[in-house]
Amino acid sequence: MSETATLSSKFQISIPKAIRAAQHWEAGLTFAFIPKGTGVLLVPVPKREALAGIAKGASATDYRDRSDRV
């Protein structure tokens, strides 16, 4: 899927309908812009409710952190 969009004079871009439909994006969705080389990665920010239970069963014991790296 190769779609294009043009940056407006107000620095806005409309996401093409084919992309929005394929990703199931709705109006009001918040995005994060992550710089990648000469481009930008556009990532939807999940709502807090969608993250509930994501770490179910995770244990805080036996984890690695920066202090144990060589």
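Reader: What are the ground rules for the values?

Author: Residues are numbered from 1 along each chain as its sequence is written, and side-chain values use heavy atoms, with hydrogens and water left out. As this is a predicted model, local features need pLDDT of at least 70 and side-chain atom pairs count only at pLDDT 80 or more, while totals for chains, interfaces and linings use all residues.

Reader: Why is Phe11 called exposed?

Author: Exposed means over 50% relative accessible area, buried means under 20%, and partly exposed is in between (1.4 Å probe, protein chains only). Phe11 has a relative accessible area of 68%, so it counts as exposed. You will find Phe11 in the segment before helix 1 (17-23); helices (H or I, at least four residues) and strands (E, at least two) are DSSP runs, numbered from the N terminus.

Reader: Which residues make the nonpolar surface patch?

Author: Leu7, Phe11 and Ile13 make it, and its area is about 360 Å². Nonpolar side chains (Val, Leu, Ile, Met, Phe, Trp, Tyr) are joined within 5 Å, like charges within 9 Å. The areas come from the Shrake-Rupley method with a 1.4 Å probe; for residues, only the protein chains shown count as cover.

Reader: What makes the phi of Phe11 worth a look?

Author: Phi of Phe11 is near 60°, a positive value in a residue other than glycine. Most residues other than glycine have a negative phi. His24, in the loop between helix 1 and strand 1, also has a positive phi, of about 60°. At 66% relative accessibility, His24 is exposed too.

Reader: Why is Pro16 called buried?

Author: Its relative accessible area is 18%, so Pro16 falls on the buried side. Pro16 touches Glu3 and Thr4, not counting residues up to four places away in sequence; contact means heavy atoms within 4.5 Å. The C-alpha atoms of Pro16 and Glu3 are separated by 6.8 Å.

Reader: How do you know that strand 1 pairs with strand 2?

Author: Two strands pair if DSSP finds at least two bridges between them. Six bridges join strand 1 to strand 2 (residues 39-44), and the two run antiparallel. Phe33 stands opposite Leu42 in strand 2.

Note on methods: Patches are made of residues with over 30% relative accessible area and no salt bridge: like charges are joined within 9 Å, nonpolar side chains (Val, Leu, Ile, Met, Phe, Trp, Tyr) within 5 Å. A salt bridge is a side-chain nitrogen of Lys or Arg within 4 Å of a carboxyl oxygen of Asp or Glu.
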